[in-house]
Amino acid sequence: MPVFSPRRYQPPFSPVQRDAAPMRAFTAAERSIKGALFGCRMCGNCILQETAFVCPMTCPKGLRNGLCGGATPERCEVDPTRPCTWYMIYDRAERLGREEKLLEINAPLDGSRVGHETWIDMLRKWRAWEMGPHPLEFFTDRAKFTQEWEAYFYKLRQPDWWQGDAQYHPPAYEKPISQLEAHLRSGAFVATAEIAPPLGASGEIIKKKVGWLQGYVSAANFTDNASASARMNSMASSKICLDAGLEPVMQLQARDRSRVVIEADAMGAAGLGIHNLLCLSGDHHRFGPNPMSKPDQFDMDAVQVLWMLRRMRDEGIYLDGRAIKERPQWFLGAAASPFGAPPKFEAIRAEKKVNAGAQFIQTQPIFDYDRFLDWMEALDKRNLHDKVYILAGLIPLKSARAAHFMADEVPGVVLPAEIVKRMDAAGDKEGQQEEGVTIALELIEKLRRTPGLNGMHIMAVHWEEIVPRLIEESRIGSQ
Ligand code: SF4
């Protein structure tokens, strides 16, 4: 077990091209020292100073910008035999007073650096850049030394092709890009709904569901192989929805996609007229069916995807610096998990996503309204309410069995015992469905009166026909 980090989940990286023999010996020495101290995987892109000296590459998803939605204080959602790396980072950063350091948007790995030594490289760059810090100043001018130290390490971990920072970057356009954005800007309490992409090759079921939802919601989300299970892809489903007359929100997850494919898919979506993109890290393959894919399928995380796509849209450049002639039009969104980690930690993660480019947030389902308010307050303390539209997730419970499943099996969801009891006591199938609708309507009543909340996202998967009733009976749009 390393001194400062949890144990590694995967072995250290090998370089794409081996160094010459003397350098390999040096690399091996560096690997053993940093392995013992930090569980280092030789990613070659060290950000330990930003992560309170806990190595983020020990996280099974390799997340470099914060925790995932299923993390708990006790264990990692992927491998419950280990603690969550990011909990450790947040905890230590809080104790050391370094939380604000966690806001800097860290780059994905540079493949040409992985597996190589970094110490000699650091010295080489320090000499070449001629920018300090100068060792003598440690004794003669500590303030200057510290400033130069920070500037040097910032340059080191933020290469020219990334330039991540901790600032908010408002979108660089005026007119709304999509109907969803226009509705949110109008100040209405907006509803979106989720449609599960079909298991088969026919789009007829999407068209049928679009028929149910049209006129009730501003847009429909299409999940992107959620729970690591294959279905019709999100882009094709979104296009079928668009052609059927309803605006889609295409979910775009980082799992299984290299940065090249993420750029290409997002660009393809814009070319097809799909302008709402919800950027996610994605569930680990552990949550999918067998046989499981090989692990380590994350080239980027959600924050990095948002940062990259925002720059493609607003600055007109691909990650590799090539110019984009016709810039894509995207209204960018992110997910949030109000019940995952303590609200103060989740708020840091949300701020990072907003700074990176998220313009709307759709949350995990809300059942515990009071805890949801704690999260909203934590976001308010970070001044996020004026920078991002927030849509609260809502799942109408279809059965007592579904309630138990949500309560026991779904990471990041908190379902109060009282709700489970109500569902258990609701009698037969029809009675349970009615109780599920009643609970949802009670919740909507509270949500629509919540300051800072802009709408709700209804996830009535395989029960989409209930959405019109929820919208009509809650009189959303008529307040
Ligand atoms: S719970 Fe999520 S963020 Fe934490 S270590 Fe596991 S995969 Fe990484």
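Predicted model: local features only at pLDDT ≥ 70, side-chain atom pairs only at ≥ 80, totals over all residues.
I started with the shell around the ligand and sorted its residues by type: ten are nonpolar, two polar and two charged. The shell holds 14 residues in total, and C59, C68, A71, C76 and C84 are the closest to the ligand.

Next I looked up the domains. How is the protein divided? I got domain 1 as 21-104 + 111-157, and domain 2 as 179-474. Between their C-alpha centres I have 32 Å. Then I checked where the two touch: 19 residues of domain 1 are in contact with 22 residues of domain 2. On the domain 1 side of that contact I noted ten nonpolar residues, five polar and four charged.

Last stop, helices α13 and α14. I have α13 at residues 400-409 and α14 at residues 417-424. Their axes come within 8 Å and cross at roughly 160 degrees. Since angles over 145 degrees count as roughly antiparallel, that crossing makes α13 roughly antiparallel to α14. Left-handed or right-handed? I wrote down left-handed for this crossing.

Which residues make the contact? From α13 I listed A400, A403, H404 and A407, and from α14 I listed I419, V420, M423 and D424. I sorted these by type too: the contact of α13 with α14 has six nonpolar residues, one polar and one charged.

Methods:
Residues numbered from 1 in each chain as written. Axes fitted to C-alpha atoms, helices over the stretch in contact; angles between N-to-C directions. Helix = DSSP H or I, 4+ residues; strand = E, 2+ residues; numbered from the N terminus. Parallel < 35°, antiparallel > 145°, perpendicular 65-115°, else oblique. Left-handed = near helix turned anticlockwise from the far one by under 90°. Contact = placed C-beta atoms within 7 Å. Nonpolar A, V, L, I, M, F, W, Y, C, P; charged D, E, K, R; others polar. Near = placed C-beta within 6 Å. Domains from an automatic or database assignment.
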